[in-house]
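Let's walk through this one together, starting with how the chain is divided up and then zooming in on a few local details. Keep the viewer open as you read.

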Amino acid sequence: MKIPVCLDYSATTPVDPAVLQAMLPYFTEHFGNAASHTHQIGITASNAVENARISVACLINAEPNEIVFTAGATEADNIAILGIAEKYAAKGNHIITCVTEHKGVLAPCKYLQKKGFSVTLLPVDGQGMIDLEQLKDAISDKTILISLMAGNNEIGTLHPMAEIGKIARQHNIPFHTDATQAVGKSPIDVKAMNIDLLSLSGHKIYAPKGIGALYVRNEPAVTPKPIIHGGGHENGLRPGTLNTPGIIGLAKACEIYLETAPAERVRLKTLADRLYDGIKTNIPDVSLNGHPEKRMTHILNLRFDDLKAADLMKAMPELAISSGSACSSAENAASYVILAMGIPENIACGSIRYSLGRFTTQEHIDFAIKTTTNAVRSLRKQALTIE
Ligand SMILES: *Cc1c(COP(=O)(O)O)cnc(C)c1O
């Protein structure tokens with residue numbers, strides 16, 4: 001077993017070997033610029049990109065020409081939010097989002113706020129869930145965008161996409177979702193859920209870092225204004241020479257999910273349940289952050305009220321886990337997502353996130369149970385002797 005054992009798949013994933021194999025020819029043999037249609041080298045790249053669009057579209061039940069390739073989910077979030085804001089600025093200046101969103105959504109919203117937009121940050125309950133009545137109450141005739149994530153990256157809580165989509169459609173308001181964590185792990189159907197814009201990222205689904213996609217609905221059409229200007233690539237929404245190897249990798253990653261997702265979800269749930277049960281059995285006073293049922297089970301965010309996540313992680317360097325999101329773990333502050341659930345700051349700091357993935361085995365889980373048990377027991381014993 002390789003140490004540290006990685007249980008931090010929500011921060012990033014390794015490239016799947018099959019994804020890497022699919023990509024390799026597009027670095028060397030098929031190196032063409034997908035926009036060069038005057039010769040076969042470019043046409044080969046272009047054909048591969050168009051085939052890739054089909055695979056990405058399939059995973060979320062979109063049409064291939066609704067997929068815009070981007071450099072990742074943060075870029076997709078920005079194109080969607082800033083682009084819609086600019087497009088509909090004459091109609092209204094109000095955006096609805098949520099306190100527990102990823103910074104990829106919160107930061108462009110904050111930027112717009114400085115520019116004079118009004119942003120409603122919906123609160124969440126103790127399980128990280130929004131209240132649909134509060135969403136309805138927040139809507140006004142000035143609302144031009146609802147942006148609510150599918151699955152939360154820290155606690156796994158799944159927002160009710162279909163219900164949100166229905167409300168947005170009834171009011172004729174574009175609905176964007178950051179589905180970076182949920183794609184492949186929880187069923188997403190942009191048609192059935194009335195999703196108008198959706199962000200996803202390669203490196204959370206076993207494709208490389210630096211590739212992602214934005215789904216933009218055709219019918220009824222939502223048309224964000226471009227925020228990046230250049231050649232006309234990707235319907236003018238994301239100009240710049242296409243990252244052909246990355247796109248091929250993203251498509252292969254989506255194909256793997258299309259084939260394996262249902263069985264893999266069952267496998268990961270079994271492992272995550274084993275981890276939670278094992279820790280609960282060995283250690284008293286541990287609680288689950290997030291929704292007990294409406295969540296992505298491969299994310300297990302646990303709280304030890306008497307401990308600090310930083311101390312816990314220091315006590316078990318054999319485990320690669322995180323406290324909160326990758327960006328806030330460096331700051332050693334309580335996660336804004338955990339705080340948003342109404343958990344007081346002094347105990348919120350005792351939260352750690354295990355996230356399981358494709359290469360997680362039962363051996364890893366049993367090792368994580370043992371390591372966590374030993375670390376918690378030892379820290380609690382130290383606390384007793386100090387007192
Ligand atoms: C990782 C993540 C992002 C950022 O994706 P990048 O491709 O790294 O820009 C955005 N939103 C969520 C929910 C994420 O988990």
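Domain bounds here come from an automatic or database domain assignment. On that basis the protein splits into domain 1, made of 5-12 plus 261-386, and domain 2, which covers 17-256. Their C-alpha centres sit 29 Å apart. Keep in mind that this is a predicted model. Its mean pLDDT is 95, and 97% of the residues reach 70 or more. One stretch to treat separately is 325-330, where pLDDT stays under 50; the model gives that stretch 6 contacts beyond four places in sequence.

The size of an interface is often given as the accessible area lost when the parts come together. For domain 1 and domain 2 that buried area is about 2600 Å², with carbon and sulfur atoms giving 57% of it. The contact draws 28 residues from domain 1 and 32 residues from domain 2. On the domain 1 side, Met 296, Tyr 336 and Arg 358 lose the most area to domain 2, and together they make up 25% of what that side buries.

What about polar links across the interface? The count between domain 1 and domain 2 is 14 residue pairs in polar contact, both partners at pLDDT 80 or more, while the rule finds 0 salt bridges there. As for the elements behind the domain 1 side, α7 (244-282), β10 (299-303) and α10 (336-340) each give two or more residues, and α10 gives the most, with 4 residues. Sorted by class, that side has 12 nonpolar, 11 polar and 5 charged residues.

Salt bridges do turn up in the structure as a whole: a search finds 15 of them.

Finally, some backbone details to check. The peptide bond from Ile 3 to Pro 4 is cis, with omega near 0°, and Pro 4 is in the segment before β1. Another cis bond joins Glu 219 and Pro 220, with omega about -10°; Pro 220 is in the loop between β8 (212-216) and α7. Asn 61 has a positive phi, near 60°, despite being a residue other than glycine, and its place is the loop between α2 (40-60) and β2 (67-70).

Conventions. Residues numbered from 1 in each chain as written. Predicted model: local features only at pLDDT ≥ 70, side-chain atom pairs only at ≥ 80, totals over all residues. Heavy atoms only, no water. Contact = heavy atoms within 4.5 Å. Buried area = accessible area lost by both parts, 1.4 Å probe. Salt bridge = Lys/Arg side-chain N within 4 Å of Asp/Glu carboxyl O. Polar contact = N/O pair within 3.5 Å; in protein donor to acceptor, adjacent residues only side chain to side chain. Nonpolar A, V, L, I, M, F, W, Y, C, P; charged D, E, K, R; others polar. pLDDT = per-residue confidence, 0-100.
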